[in-house]
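Me: I am new to this structure. Can we walk through it in short questions and answers?

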There are 2 protein chains.
Amino acid sequence: MLSLEQINMLVLSAELGSFSACARKLGKVQSAVSHGINNLEIDLGVELFDRTSRSPKLTPEGERLLRSAKALLAQSHEFEKIAESITRHEEGALTIAVDDALLTPYLSTILALFAQAFPHVEIDLISLASPDIIATVADGNVDIGVMFSEVEANKQVDFCYVGSVDFVAVCHADFPLAALRRLSESDLMPYRQIAVRGQQKRESQVLISMTPNAWWCSSNYSVLALVKQQIGWAYLPLSLVQPFVHTGLLQKIDVTFDHKPWSVPVDLVCKKGALRGPAHQWLFDALKNAFSAER
Amino acid sequence: MLSLEQINMLVLSAELGSFSACARKLGKVQSAVSHGINNLEIDLGVELFDRTSRSPKLTPEGERLLRSAKALLAQSHEFEKIAESITRHEEGALTIAVDDALLTPYLSTILALFAQAFPHVEIDLISLASPDIIATVADGNVDIGVMFSEVEANKQVDFCYVGSVDFVAVCHADFPLAALRRLSESDLMPYRQIAVRGQQKRESQVLISMTPNAWWCSSNYSVLALVKQQIGWAYLPLSLVQPFVHTGLLQKIDVTFDHKPWSVPVDLVCKKGALRGPAHQWLFDALKNAFSAER
DNA sequence: GCTAGACTATCAATAATTATGATATTTAAA
DNA sequence: TTTAAATATCATAATTATTGATAGTCTAGC
């Protein structure tokens, strides 16, 4: 079985054009490299270097093998890096769940930075409705959740307030509600509300529907799609509907009551007592700072 | 520097779930594997196997490293395969030049088979006008050429007849020539011919133009494009123009003389005296048989 | 054309690593 | 409980790699 030490000698000697220089760089004696290359040539049955001149030059065959040798070395360095990552107690993978309405460009920026800081930690990014996120975090299936706050504080989960997102009531421009002004809660009742509810059929308690005939989606984007089809009205993040309000496709509903929170708090959630490795810590802090900076 | 032998032990032991089984497979004694794994663990600073039970089971850390270890082994096998390919005197790369009108599906089929037979030989496939192919083959820049035969036999190049391709004179359906019947050579003279000529400005001698005002292209597809634009008429391979004749966009020209070859021979060309490795030989034979079978 | 410096191959001796065989201990199944 | 098979450990043997010295060769500079 071939030795990586010899492969390294091949690559270094080829780059430096000298066995002696290679030996110096490896902290060995010249004859060690000479022997190493020679043995490699014997093992492979291929003459790698042309020694007729003073400085050994790769043969065409050696050239052909060099590319593969470099890839092999790179792979072995990768392997060692992963081992180092493990000894630093970095997690092998982090699973984060984000409410789809919070999948902002900020998040991708942070993930890009994370990839640089922890190149050997994988990320599972799953998109869930806020009501589902607490459950998956509590179950331990998700390490960090980014979600709209629930009033009922789950005892198994730690919350960390990081900011808030403005919600507005919107409907299609041709929807009956669009024409009306200064509406009260009871005015909305006759019309179907589209709201978010998780797969466990638990609706959010901050944006709870008061209409008797509601439809439910598991993502804000689905809600948006139904609103565009004039199936009903909905509370949606301002940033999500802004572009369509601008083009006139959707319209904000002019509601006068304000006992509903228009600014919905966003929390970072983690399983209570979960041991946090460096990657977890880093990502948690980065998310916290990013959302604070965003407003 | 880590040893591939130990990496192999890691992978085999993980797959077999047993150090002893791994040792048997490697033709070593059990203690060798035990030591090998142990040393690897010490080098990496990572506990790879959980030995509490009878059969060692990978730890989560070991699991994480296993994937990378397998990739590393695969890479090293690849390296050795290339070395074997070299000792079999297989060429590192073959350059083949094909007249663009001969780039048929048959060719891709052959190349797919070639890739299976010689996975470590690279292919440079370049598309040239037939008049240019002889020159590049003679220069040694191209190993095998597939082209329409030239009358003048180049002394530096070996020819091998493999079949023929039918050419027809065509023009756009609205081109003046389209309406005429039973034309003679002199009838074509007033109209511009579009013909193929290599970058060295040498036209093919089998499809030489007799019109005084010709335009030249370096590929049959370019010729076709100009004919479609009613810029002139041209001799083109029947298979190339057939679809457009069928839709009525182009029309065959009804010429009565037949001293021009309508069926143009196709030759495989190689540099005379060039040493042919196994890959060259294989590809040459495959091309020869394919073109013979095609008609 | 010659010399100094630097390069490589080779060799024998030595150091280091790796493999072996025997043994004790543990484990899972009969 | 017993048995068969697995693993860890250890001293020893075998193999492999490293070293230092030497001789031959090439190139640049004078």
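This is a predicted model: local features need pLDDT of at least 70, side-chain atom pairs count only at pLDDT 80 or more; totals for chains, interfaces and linings use all residues.

Me: Over residues 2–59 of chain A, how far apart are the end C-alpha atoms?
Reply: UniProt, in an unreviewed entry, lists residues 2–59 of chain A as "domain: HTH lysR-type". The chain over these residues is 62% helix and 7% strand. Its end C-alpha atoms are separated by 20 Å.

Me: What rotation superposes chain A on chain B?
Reply: The superposition has an RMSD of 0.3 Å, with 0.1 Å of shift along the axis. The two copies are thus related as by a two-fold rotation axis. The same surface serves both, since 100% of the contact residues of chain A recur in chain B. The rotation is 180 degrees.

Me: Which element gives the largest share of the side of chain A that touches chain B?
Reply: The contact takes 27 residues from chain A and 27 residues from chain B. On the side of chain A, helix H1 (4–16) and helix H4 (60–87) each give two or more residues. The largest share is 17 residues, and it comes from H4(A).

Me: By class, how many residues on that side of chain A are nonpolar?
Reply: Take the other classes of the side of chain A that touches chain B: 8 residues are polar and 5 are charged. The nonpolar residues number 14.

Me: Which residues come nearest to DNA strand D?
Reply: There are 23 residues around DNA strand D. Helix H3 (30–44) of chain A gives two or more of them, as do helix H2 (19–26) and helix H3 (30–44) of chain B. The nearest are Ser31(A), Arg54(A), Phe19(B), Ser20(B) and Ser31(B).

Me: Which element gives the largest share of the surface near DNA strand D?
Reply: By class, this surface has 5 nonpolar, 13 polar and 5 charged residues. The largest share is 5 residues, from H3(A).

Me: How many polar residues does the surface near DNA strand C have?
Reply: DNA strand C is surrounded by 25 residues, and the closest are Ser20(A), Ser31(A), Lys28(B), Ser31(B) and Arg54(B). The surface has 5 nonpolar and 5 charged residues. The polar ones number 15.

Me: How many residues of strand S5 of chain A are buried?
Reply: Strand S5 covers residues 144–148 of chain A. Ile144(A), Val146(A) and Phe148(A) are buried on one side, and Gly145(A) and Met147(A) are buried on the other.

Me: Which residue of S11(A) stands opposite Val146(A)?
Reply: S5(A) pairs in the parallel sense with strand S3 (residues 93–99) over 3 bridges. There Val98(A) stands opposite Val146(A). S5(A) also runs antiparallel to strand S11 (residues 263–271), joined by 4 bridges. In S11(A), the residue opposite Val146(A) is Leu268(A).

Me: Is Glu84(B) buried, exposed or partly exposed?
Reply: Glu84(B) lies in helix H4 (residues 60–87) of chain B. It has 14 other C-beta atoms within 10 Å. Buried needs 20 or more, and exposed needs 12 or fewer. Glu84(B) is therefore partly exposed.

Me: How far apart in space are Glu84(B) and His120(B), C-alpha to C-alpha?
Reply: In sequence, Glu84(B) and His120(B) are 36 residues apart. In space, their C-alpha atoms are separated by 9.7 Å.

Terms used
Residues are numbered from 1 along each chain as its sequence is written. Chains are lettered from A and ligands numbered from 1 in the order in which they are written. Copies are superposed by least squares on the C-alpha atoms of residues with pLDDT of at least 70 in both. Two residues are in contact if their C-beta atoms, placed from the backbone, lie within 7 Å. UniProt positions are given in the numbering used here, feature names are shortened, and annotations may be inferred rather than shown by experiment. Ala, Val, Leu, Ile, Met, Phe, Trp, Tyr, Cys and Pro count as nonpolar, Asp, Glu, Lys and Arg as charged, and the others, Gly among them, as polar. A residue is near a molecule or strand if its C-beta atom, placed from the backbone, lies within 6 Å of it. Two strands pair if DSSP finds at least two bridges between them.
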